[in-house]
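Subject: Structure for your review

Hello,

Here is the structure I said I would pass on.

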Amino acid sequence: MCTPSDFRILVVDDIEDNLFLLRTVLETEGYEVETAGNGGSALAKVENAPPDLILMDVMMPDMNGYEVTKKIRQNPALPQMPILIVTAYDTLQTSQGLALEPNNFIRKPIEFDQLLTKVAALLEANHHH
């Protein structure tokens, strides 16, 4: 059984308050958390040191969360890592050409219990591959 401290999570959001809140919630659970304020910075961090999971906000000014996710998925050098999309929409804009499993996205406003359950499930599932 893995403990949260075995996992690194990258939180991507252009709003400082969101980053702070998510980081606090995840660190309280024991996860190691890094943050990125935009898509470009997120990609650089993922390439330098791939996290175990990415929490990706969709609405960002430079590159939206779908574009960042697509770039990560298209990079053959990167391991498959779970990406949890954070969206305010009820339906996922899958016209972006992304097939997303329902457990790979969470709606805003975020319910933290639900978030932590999804994060744990995705990490656990991915860890067994």
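A residue is called buried here when its relative accessible area is under 20%. Leu-53, in strand β3, has a relative accessibility of 0% and therefore counts as buried. Please keep in mind that this is a predicted model.

Leaving aside residues up to four places away in sequence, Leu-53 touches Arg-8, Ile-9, Leu-10, Pro-82, Val-119, Leu-122 and Leu-123. Strand β1 covers residues 8–12 and helix α4 covers residues 112–127.

Thr-35 belongs to strand β2. Its relative accessibility is 18%, so Thr-35 also falls under the cut-off and counts as buried. With the same exclusion of sequence neighbours up to four places away, Thr-35 touches Leu-10, Val-11, Leu-19, Arg-23 and Lys-45.

Asn-104 sits in the loop that links β4 (83–87) to β5. At 12% relative accessibility, Asn-104 is buried. Again not counting residues up to four places away, Asn-104 touches Ile-83, Leu-84, Ile-85 and Leu-122.

Helices α2 and α3

How do the axes of α2 and α3 cross? Helix α2 spans residues 39–48 and helix α3 spans residues 65–74; their axes come within 10 Å and cross at roughly 25 degrees. That angle makes α2 roughly parallel to α3. The crossing is right-handed.

On the α2 side the contact is made by Gly-39, Ala-42, Leu-43 and Val-46, and on the α3 side by Val-68, Lys-71 and Ile-72. By class, these residues are five nonpolar, one polar and one charged.

Which residues of α2 are buried? They are Gly-39, Ala-42, Leu-43 and Val-46. These residues lie on the same side of α2, because they cover an arc of only 100 degrees around the axis. An α-helix has 3.6 residues a turn, so residues three or four places apart point the same way. The cover over the buried residues of α2 includes β1 (8–12), β2 (32–36), β3 (53–57) and α3.

Helices α1 and α4

The axes of helix α1 (residues 16–29) and α4 come within 11 Å, and the crossing angle is roughly 60 degrees. The two helices are therefore oblique to each other. This crossing is right-handed. Leu-21, Leu-22, Val-25, Leu-26 and Glu-29 of α1 meet Phe-112, Leu-115, Leu-116 and Val-119 of α4. The contact of α1 with α4 consists of eight nonpolar residues, no polar ones and one charged one.

A cis peptide bond

Which form does the peptide bond from Lys-108 to Pro-109 take, cis or trans? The bond is cis, with omega near -10 degrees. Most peptide bonds are trans. Pro-109 is in the loop between β5 (105–107) and α4 (112–127).

Regards

How values were computed. Residues numbered from 1 in each chain as written. Predicted model: local features only at pLDDT ≥ 70, side-chain atom pairs only at ≥ 80, totals over all residues. Heavy atoms only, no water. Axes fitted to C-alpha atoms, helices over the stretch in contact; angles between N-to-C directions. Helix = DSSP H or I, 4+ residues; strand = E, 2+ residues; numbered from the N terminus. Parallel < 35°, antiparallel > 145°, perpendicular 65-115°, else oblique. Left-handed = near helix turned anticlockwise from the far one by under 90°. Contact = heavy atoms within 4.5 Å. Nonpolar A, V, L, I, M, F, W, Y, C, P; charged D, E, K, R; others polar. Buried < 20%, exposed > 50% of the residue type's maximum accessible area, 1.4 Å probe, protein only. Arc of directions from axis to C-beta.
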